[in-house]
Amino acid sequence: MDPELRTLVGWGRTAPSTARVVVPRTVDEVIEALRSADERGVIARGLGRAYGDPAQNAGGLVIDVTGLDRIHSIDADAAVVDTDAGVSLDTLMRRLLPFGLWLPVLPGTRQVSVGGAIGADIHGKAHHVEGSFCEHVESMDLVTADGNVHTLTQDDELFWATAGGMGLTGVVVRAKLRLNRVETAYFKVDTDQIDNLADLMDRQSVDDEKYLESVSWFDSTVSGPHLGRGILTRANHATLDDLPKKLRKNPLKFDAPQLLTVPNVFPPGMLNKLTARMFCELWYRKSPTKHGAIQNITMFLHPLDIAGEWNRVYGPRGFLQYQYVIPFGHEDAVRRSVELMVETGHVSALNVLKRFGAGNRAPLSFPQPGWTLAVDLPVRRGLAELCARLDELVLSTGGRLYLAKESRATPEGIERMYPRIDEWRKVRAEVDPNGIFVSDMARRLRLT
Amino acid sequence: MIDAVGSPQSLLLLGGTSEIGLAVAERYARARPSLRVTLAGRPSDRLDAAAARLRDLGATVTTLPFDARQPDTHTEVIEKAFADGDIDVTVLAFGVLGDQEEAWTNVDVARELAEINYVAAVTVGVPLAERLRKQGHGSLVALSSAAGERARRSNFVYGSTKAGFDAFYTGLTYALKEHGVTVTVVRPGFVRTKMTEGQKPAPLSQTADQVAEVIVDAVRTRREQVWAPAVFRGVMSILRHVPRPIFRKLPF
């Protein structure tokens, strides 16, 4: 298990740094790797889908947990899966669907490890109903700095410090996840094409509780009366009766096609005002209002997974994803944030707006009741200034940024966005008194 | 860490009163007011004034005594500079131009140029590279010169020191890449600063602030070699190939 010197980046392909990377295959090898950490410390890394630098550790050690790749058991009666932390949600879904079992929380991509899902306490389009990922974790095995393995349940403070704790409490090596039951792998989808942001947000607020999944996409390239025109899509799992005849034969088929892998050939500036405008126009037009359509997993949940490695479109300069939550009652601030982007010309093609339900006990968990918006912004001049203005707007409403997407905020800003961070620091300091768990993000934001 | 939009949190300026270096520091301090800056240079009123100016922009500034002509102290200077934590961007901006006619006729003047511009760049560069290699990230900006590309009659001693400087830092570019460190060799043409005061500006002359803009852009996009202004790349690649009998007769 020799470490290999590797330069790592996040999904946004910004801020690379170099670390010694090890790929342990067993929990014992994880413990052995921890012992080899020096003063530059150690962090775990899953599939590298966080946009910024939380799974990088410049000059130190990175434990790649994808070598822990076994699913230990699937209990179809209890609807629980016992899995290694390096297993991806994609793999889990493929294995669980034949049993009519479904992961309650799925983010915008399935290429996320279970360990990463816990470390970021990820959420999905079903947050208003299902909450976030860790709320469905029955127990997890955490290797702490002293090399001990703790089996944590939701009764443990350390469980909640690890949920959304960005890997800084230890290495999650295994977890038991509670699952939902489904009759089919398909969704019954209601799509509404709505021509401005205010109407979009109004419509999204009505009947939210009737849908398990709810999300809207909006166009960030038009200003004026059609600012924020968009597509609202809401869905429930389709029942067997909902399916057309030809799908009924194999209703639990993992129907999630990937059509292509994006080649690594795009120059900087490929995604510009013109191409974004074209994309937005197309995306808006392709989704006329239609209710009750049956869609497969890719079409509804993961339209981006249809193209592998799609981040390459952003070219070598990379991009960042800005995702905030702004509490309900501050809808004007949501609108203002969209205006700011349109005014400054930092176009984004992938703009996702949804409503969060209640948050949970984890001090660093991102979701809280409110509007969450995610936009992908290519890195170019003036972006720092735009983001700083957006930060101020978010702070003024008592909102916050998502650490799994964050890549450029200030330590002071994050400190104010997460008022319970000292509570988290206390738990962390007890379990890692010498601070061996550290990441580029932790250094950059002075989290620990 | 340098963040996704290219803003560093800490900056070390070797040559703490360099106008180009300070212009870079000011740009970064404006983008991120909590910037931590270390100004390494010979203690002087000018160094203190530079520190005060950056503090006014919100930066946390410390000054660090650094004498380019005392190579034995350089490892210690670098250790001190890194004592407060990682350095995201290091700008190596010390250097002297000197009187060029004296420089090729007076051994002391020539030696001073060689010691500051080349020897010190190496004796600082080695421990600096070692620290950056260990921290696994960061950006090192080395201020070379177009003069190092092809020695001219009018400043060939200066040019020879910059040629050595340029070769050393270009080499570090290769050596440090796999360790996560980007070395950017910057080759400005004529820059109107106190260093060139009283001289007739050459064509395509630049201000310190213009060069600083080029540097900040180069760090953000992790470029390994830039010219200031960019058009100099083309100009120099032509000059490099002009036959010597013609080159020596060119009017500069």
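A cavity is a set of grid points over the protein atoms where a 1.4 Å probe fits but cannot get out. The legends below apply this term to a predicted model.

**Figure 1. The largest cavity of the predicted model.** This cavity holds about 60 Å³ of space. By the rule used, five cavities of 30 Å³ or more are counted in the model. Rolling a probe the size of a water molecule over the atoms shows where empty space is left.

**Figure 2. The lining of the largest cavity.** Strand β18 of chain A, residues 319-327, contributes the most to this lining, with four residues. Among the lining residues are A:Leu320, A:Gln321, A:Tyr322 and A:Gln323. The lining also includes A:Leu401, A:Tyr402, A:Lys405, A:Glu406, A:Ser407 and A:Arg408.

**Figure 3. The interface of chain B and chain A.** Here 22 residues of chain B are in contact with 28 residues of chain A. The two chains bury about 1,900 Å² between them, and carbon and sulfur atoms give 53% of this area. Of the area that chain B buries against chain A, 28% is supplied by B:Met1, B:Ala4 and B:Val5, more than by any other three residues.

**Figure 4. A salt bridge between A:Arg381 and B:Glu213.** The side chains of these two residues meet at 3.1 Å, N to O. Across the interface of chain B and chain A, three salt bridges are found by the rule.

**Figure 5. Confidence in the prediction of chain B.** The average pLDDT of chain B is 93, and 100% of its residues score at least 70. For the model, ipTM is 0.89 and pTM is 0.93.

Key
Residues numbered from 1 in each chain as written. Chains lettered and ligands numbered in written order. Predicted model: local features only at pLDDT ≥ 70, side-chain atom pairs only at ≥ 80, totals over all residues. Heavy atoms only, no water. pLDDT = per-residue confidence, 0-100. 1 Å grid on protein atoms, 1.4 Å probe; cavity = no way out; pocket = protein on both sides within 12 Å on 5 of 7 lines; lining within 4 Å. Points joined across faces, edges and corners; volume = space filled by probe spheres on them. Helix = DSSP H or I, 4+ residues; strand = E, 2+ residues; numbered from the N terminus. Contact = heavy atoms within 4.5 Å. Buried area = accessible area lost by both parts, 1.4 Å probe. Salt bridge = Lys/Arg side-chain N within 4 Å of Asp/Glu carboxyl O.
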